[in-house]
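Visitor: I would like to go through this structure step by step. Could you please show it to me?

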Amino acid sequence: MVDRVRAGIVGVGFMGKVHARAIRRTGGVVVRAVGSGPESSRRAAEDLRPEIVAGTVEELLADDGIDVVHICTPNATHAPLARAAIAAGKHVVCEKPLAVNPAEAEELVVLAAEAGVTATVPFVYRFYPTVREARARVAAGATGPVRLLHGSYLQDWLAADTDDNWRVDAAAGGPSRAFADIGVHWCDMVEFVSGHRIVRVAAQTMTAVPERGGRGVETEDAAVVMFETDLGAVGNVTVSQISQGRKNRLWFSVDGATESLTFDQENPDTLWIGGRDVNRQLMRGSSESPAAARYVTVPAGHPQGYQDCFDAFVADTYAALSGAAPDGLPTFADGLRAAHVTSAVLEAAEKHTWVEVTPC
C-alpha cells in the first residue's frame, strides 16, 4: 500500500464521516475537507478532523499534497466533481450513484482510464466475509448452476409523511431515488456473488407520499423488479425506503441446483446454506475460503459490520494506488453498470414492458 495516503474529502455529512474513519483506519491522512458552504465546512473541523478545512473545492483540488479525493456530496454533483478531480490528476473515490445518467457515468469511466487514475465506487457490501464466502462457493461449483436470484433491500427512514431529505428532490438526487440509492447495491451484490449479469428487466415503481417538505415528489419510494440474466437465471427484488421496522435489510438468496445461499445484512456474521436434506449456518470467522478469510478482522462471535466493510474497501482502493489489483474492487465501470441498470428499471416502469439493460 502507498505509505500514508493523503486524502481530501468533499462533503462533510454522514458519508463524509464514514469515509474519514475508513481513511484513518487504513493508515491514511485526512488532509483537507470542504463542505457545501462556510457553516458545513466549519463543522468539518469537529466531525472529520482534517488537517486543514478548505474554503472551496478548487482549493482542495489544487493541493499537490493530496493523492485521492473522496466525493461524498449529493448525487447530482458527483459527475462534475469527479470530472474536476480527474482533471487535477487525483485518484477518486466517488459515492454512488456515480452519475445520475449513463452518459455522464460513461464519460467518467473514459476520463479515469485516459488519466490513469484509480477510480472506485463504494459498493461496500461486497466486503462482508460471508458475501465473499458465498461468491467463492458459487465459483467453486458447490452451489451448482444458479437458477433463481431473489431478495429485497428495505428501509423505513422515509416511511412517515413528514420524513424528508435532499434525496427526495430530483434536482439533487437524480431521477431515481430508492432504486438508485439502495437497489443498485442489491443488484451489484447479487451479480458479484452469482457471476450472472442482469440483461432484461420489468419493473413497477411507486411514490407512496406524493408531497414532502412542501414540494411534489417525483422520485420513487419503492420499486419491484423482475429480471433475467445472461446465464439463464430469473429473479426479482423489492426495494423500499418506506417499510416500517426495516432499518437496512439487504437480503438475498442465490438458489442453485445443489444448494441455496442466503445473506442478511442485518445479521451479516452468518451465511445460510440450504440443502435438500440439511440446512447449515456458516459462522463468519469459523471455516471460510481464503477469499473470505482475507476480510475477517475480528474473531468469530465478535460482530463485524458496515464500517468494517468500508474500511476494507478503502484499504483495497489504496492498495490499487500502488499497482495492486485486489479481487472484487468496485470501480467506475461498476458505477456505469449501476447507471445502466437504473435507467432500464425506470424505462421499464414508465413503459410497462420488458427493457434490455445496455451492456458495458
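**Salt bridges and pockets**

Guide: Arg212 and Asp221 form a salt bridge, with their closest N and O atoms 3.2 Å apart. A salt bridge is a side-chain nitrogen of Lys or Arg within 4 Å of a carboxyl oxygen of Asp or Glu. This is a predicted model, in which local features need pLDDT of at least 70, side-chain atom pairs count only at pLDDT 80 or more, and totals for chains, interfaces and linings use all residues. Residues are numbered from 1 along each chain as its sequence is written, and side-chain values use heavy atoms, with hydrogens and water left out.

Visitor: Are Arg212 and Asp221 buried or exposed?

Guide: Both Arg212 and Asp221 are buried. Buried means under 20% relative accessible area, exposed over 50%, and partly exposed in between (1.4 Å probe, protein chains only).

Visitor: How many salt bridges does the structure hold?

Guide: The structure holds 23 salt bridges. One of them joins Glu107 to Arg83, with the closest N and O atoms 3.1 Å apart. This pair links distant parts of the chain, since Glu107 is in helix α5 (residues 102–115) and Arg83 in helix α4 (residues 78–87), 24 residues apart. Helices (H or I, at least four residues) and strands (E, at least two) are DSSP runs, numbered from the N terminus.

Visitor: Why does Glu107 count as partly exposed?

Guide: Glu107 counts as partly exposed because its relative accessibility is 32%. Arg83 is also partly exposed, at 28%.

Visitor: Which residues are linked in a network of salt bridges?

Guide: Arg32, Glu59 and Asp63 are linked in such a network.

Visitor: Which element gives the most to the lining of the second largest pocket?

Guide: That element is α11, with 6 residues. The second largest pocket holds about 210 Å³ of space and is lined by 20 residues, including Ala99, Val100 and Asn101.

Methods:
1 Å grid on protein atoms, 1.4 Å probe; cavity = no way out; pocket = protein on both sides within 12 Å on 5 of 7 lines; lining within 4 Å. Points joined across faces, edges and corners; volume = space filled by probe spheres on them.
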